[in-house]
Amino acid sequence: MIDTILFIIFAILAIVSGFNLVLQKHPISSALSLIGVMGSLAVLYLLLGAEFLAMAQMIVYGGAVMVLFVLVIMLLNAGREKGSTKSWFAQIAGLPLLLCLVALLGFLIRAILPPLRSVEFGSWVGGTAEHIGQLLFTTYLLPFEVISILILIAILGAVVLARKELD
Amino acid sequence: MGHVPLSWYLVLSAILFVLGVAGFVYRKSIITVFMSIELMLNAVNLSFVSFSYELRRIDGQIFSFFVMVVAAAEAAVGLAIILTIFRNRGTLQIDEVDSMKL
């Protein structure tokens, strides 16, 4: 009962925030809508028994990444985006094609997949920090180490790209 | 009133993904296009976690975790690129940045 209500509330919040992200003209409004999407997705992860991922979602996405976005918007003084000429193809066929895409995905989910479980909050809590850590440091040890190198390269790349040229 | 079927989560993930595609195609500000990419990554993460619930295995959550880390790295580098573009061209409109060399 409670999980149905929570799912409906946060699914609607996610979809409304997603629409708001696409429709708002000012980047800062889009950024705040994106934080709304990420927060509601964290609650949905919690309903699906992914505790660690829900917290990581809030800290990494809702915290770190979005702070970066808002800081860059502030730094660049990004205002409302100017309207510009759209191609005739996008104007005519864009919306129908997007509706086709969502209908196709919905049909695939309905038709191809075998009957799925229904989600019962608390019936399975697999994603605690203990379980994730155990898998991460045994089976997925190599990808874990590789991704640390990736982050190091990303840090260096960001510093190199964003520094001012000294001449 | 029963429990929520898992396919609802997958449909929500599909809707969010398509919203991300719409933002990516239609918006003209580089920063908003970038945020749409993040929205698509989040939608896919929701699918991973849903299937992880269905299969009762947490490998899907590990994949989702890796996607999150890669998205953070991508955001850092991408925003640095946006900073450089703005410094060189003085605009954030994506259709004004149409030549490779100034």
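**Packing and chain contact**

Modeller: In this predicted model, the axes of α2(A) and α3(A) lie 8 Å apart, and the two helices pack at an angle of about 175 degrees.

Colleague: Are α2(A) and α3(A) roughly parallel or antiparallel to each other?

Modeller: The angle between them is about 175 degrees. Angles over 145 degrees count as roughly antiparallel. The two helices α2(A) and α3(A) are therefore roughly antiparallel.

Colleague: How many nonpolar residues are there in the contact of α2(A) with α3(A)?

Modeller: α2(A) contributes residues including A:Ile28, A:Leu34 and A:Met38, while α3(A) contributes, among them, A:Leu53, A:Met58 and A:Phe69. Of the residues in this contact, 1 is charged and 3 are polar, and the nonpolar ones number 18.

Colleague: Which element gives the most to the side of chain A that touches chain B?

Modeller: Chain A puts 70 residues into the contact and chain B 61 residues. The elements of chain A that give two or more residues include α1 (2-23), α3 (51-76) and α6 (141-162). With 11 residues, the one that gives the most is α3(A).

Colleague: How many charged residues has the side of chain A that touches chain B?

Modeller: By class, that side of chain A has 52 nonpolar and 12 polar residues. The charged residues there number 6.

Colleague: What is the bridge partner of A:Ser118 in β1(B)?

Modeller: β1(A) pairs with strand β1 (residues 4-5) of chain B in the antiparallel sense, over 2 bridges. In β1(B), the residue bridged to A:Ser118 is B:Pro5.

Definitions and conventions
Residues are numbered from 1 along each chain as its sequence is written. Chains are lettered from A and ligands numbered from 1 in the order in which they are written. This is a predicted model: local features need pLDDT of at least 70, side-chain atom pairs count only at pLDDT 80 or more; totals for chains, interfaces and linings use all residues. Two residues are in contact if their C-beta atoms, placed from the backbone, lie within 7 Å. Helices (H or I, at least four residues) and strands (E, at least two) are DSSP runs, numbered from the N terminus. Ala, Val, Leu, Ile, Met, Phe, Trp, Tyr, Cys and Pro count as nonpolar, Asp, Glu, Lys and Arg as charged, and the others, Gly among them, as polar. Two strands pair if DSSP finds at least two bridges between them. Axes are lines fitted to C-alpha atoms, for helices over the stretch in contact, and angles run from 0 to 180 degrees between N-to-C directions. Angles under 35 degrees count as roughly parallel, over 145 as roughly antiparallel, 65 to 115 as roughly perpendicular and the rest as oblique.
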